[in-house]
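Good morning, and thank you for making time for this presentation.

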Number of protein chains: 2
Amino acid sequence: VACAVHRAPAYHCREVGEFELIARLAGALGETGPGVLLGIGDDAAVLPPDLVVSTDLVVEDVHFRRATTGLADLGWKALAVAVSDLAAMGAAPLGAVVGLALGSGWSADEAVAIYEGVGECARECGCPVVGGDVSRAAVLMLAVTVFGRTAAPATRGGAQVGDVLAVTGSLGGSEAGRLLLEAGAADSAAAAALAHRHLRPVPRVADGRILAPHVHAMLDVSDGVASDARRLADASGVCVEVDLDALPVQPGVEEVAAARGVEPGAFAATGGEDYELLVALPEAALATSGVPLTRIGRILAGTGVRFTGAGADEALAGFDHLQS
Amino acid sequence: VACAVHRAPAYHCREVGEFELIARLAGALGETGPGVLLGIGDDAAVLPPDLVVSTDLVVEDVHFRRATTGLADLGWKALAVAVSDLAAMGAAPLGAVVGLALGSGWSADEAVAIYEGVGECARECGCPVVGGDVSRAAVLMLAVTVFGRTAAPATRGGAQVGDVLAVTGSLGGSEAGRLLLEAGAADSAAAAALAHRHLRPVPRVADGRILAPHVHAMLDVSDGVASDARRLADASGVCVEVDLDALPVQPGVEEVAAARGVEPGAFAATGGEDYELLVALPEAALATSGVPLTRIGRILAGTGVRFTGAGADEALAGFDHLQS
């Protein structure tokens, strides 16, 4: 059964949103002391001399529903999403540890099926699972921590006025695949390709390592270019201009967007979960970085994000998956 | 409110026990490929050249109950238990990442209180929290991953016939403290010390680093010497003899044990959660390792664990916190 792994708010409660909660939690931890090169707030943390670490939770009934989830796909994606954070730092994966809280009603066979997907992704990404922990729990939760190495991590914070904004690969495919899966309409070859993009994202590990020395700023596209460009703008203290007409829309996405009355560029900018790399780099590096990139905008003086092209709307910049 | 953080089965379901489940999950992951020095099965994994990693889950209604849990204590202990695995490898902590699945009904204020305890422990252990993730969930879960460095990790597998079995510090205090807390009898100064031992364990980080070059095998005492000695015996392919009369029983424990009709040595050997270091080392190293150690037994040819002294019973070796 081909099933969607559902995109979902990472955290939301009545009192505070995700970012306020993280800020409060970071404050509660107090001073970290010396020895941390880059802490909470980027794709991953960096510790001297060259260790990069990131962690992600996948929670039943938040990030996926049991009834509609392919178990191996779930395992694959849990690891892939974490490894994508390493890719976005330009790091080479060293390994991963996986905590499994096995929800009541889940069988050992189902847990094994999830781990088979984790193992497949581990081999694909060169990120072996070296340890873990198991517990029972009311619901199934996976906690995946990945670590890697890079001598020169690429952060979100270095974009410079005059830089080009560019992206690897293509956009919109994951969200289109998710919609097709939910509609039970992923039977054609074209639809199956989009569904596969949603279920089995492949982190851009090699591209991230090649790009890191050439870029001023880099992050992975997890929530859509519209949101992630804003993160880059905020971290770098610049304005990011995105040309929606320039986005590399994955084949087949246009039809899915059109059926919903959305411009393909706007759809691709807000879809999320493509796990491409979004970079700001000098014009001269665009052709020489060694990685195929599509120019999708530019870095300007100012703050925030602005859009040009069909479907441009300031509200795209306000897209927040916590509120949707 | 002083409250117990409850000791609980890490995992148990009708079908399979914890160790069988871990073995099946490890099998499902497939080949890890080259580049892993020590994978699943010791206190922590080791990756070249010198990275040590371990992960632990703390789950509501499994490892603790909300109604009886001190929030800062919970945070402290979640990190301390993970750091103890680094100590048991002889590693210096580099940092930690914390995944928080905030259960329904938990407030941001409560999460902050938990993290304050995490931060206190992080400063005590020199293990800064450098990142994390947050999600909502049906129940609260903390997933703590720690990483450290050592050029010469101490494993469980190197004990040699003729070695001395020894332990740092004292035993039995955590379990005595837990019992006093559950009975609401932790008011006296002596009882409060035991309760503190249970609620705020301090990993033997410095001792572990000093001991590592001197020992043949080392692990931390998480489930009680009786169980952990068996792990050492199994990993090393030796028989471990434990003299219950020689165990360094923490002051105040004898009274708690006596009230339950248990010999103090048997109580201290099975109590668990002391987070001392259990080592096998050459006789000559016992006095010269630089760490105060108590001799509690010896390494013999054979398999399994045997006990001498008051309360000795082969069933102690069969103690399994999954079945209790």
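Which residues have the most contacts inside the largest nonpolar core? Before I answer, some conventions. This is a predicted model, in which local features need pLDDT of at least 70 and side-chain atom pairs count only at pLDDT 80 or more, whereas totals for chains, interfaces and linings use all residues. Residues are numbered from 1 along each chain as its sequence is written, chains are lettered from A and ligands numbered from 1 in the order in which they are written, and side-chain values use heavy atoms, with hydrogens and water left out.

Now the answer: they are L79(A), L100(A), Y115(A), L142(A) and V146(A), in a core of 44 residues. By nonpolar core I mean a set of buried Ala, Val, Leu, Ile, Met, Phe, Trp, Tyr and Cys residues joined through side-chain atoms within 4.5 Å, where buried is under 20% relative accessible area with a 1.4 Å probe, protein chains only. At least two residues each come from β2, α2 (71-89), β3, α3, β4 and β5 of chain A and from α1 (18-29) of chain B; helices (H or I, at least four residues) and strands (E, at least two) are DSSP runs numbered from the N terminus. The most is given by α2(A), with 11 residues.

L100(A) has contacts in both chains, including Y115(A), L142(A), L25(B) and L57(B), if neighbours within four places in sequence are set aside. Contact here means heavy atoms within 4.5 Å. Another core, of 42 residues, lies apart and has L29(A), V46(B), L79(B) and V205(B) among its members.

Let me turn to the interface. In contact across it are 68 residues of chain A and 67 residues of chain B. The two chains bury about 5,600 Å² between them, 70% of which is given by carbon and sulfur atoms; this is accessible area (1.4 Å probe) lost on putting the two parts together, summed over both. On the chain A side, L29(A), L57(A) and R136(A) lose the most area, together 13% of what that side buries.

How many salt bridges are there between chain A and chain B? The count is 4, a salt bridge being a side-chain nitrogen of Lys or Arg within 4 Å of a carboxyl oxygen of Asp or Glu. One of them pairs D109(A) with R24(B), whose closest N and O atoms are 2.7 Å apart.

Technical notes:
Buried < 20%, exposed > 50% of the residue type's maximum accessible area, 1.4 Å probe, protein only.
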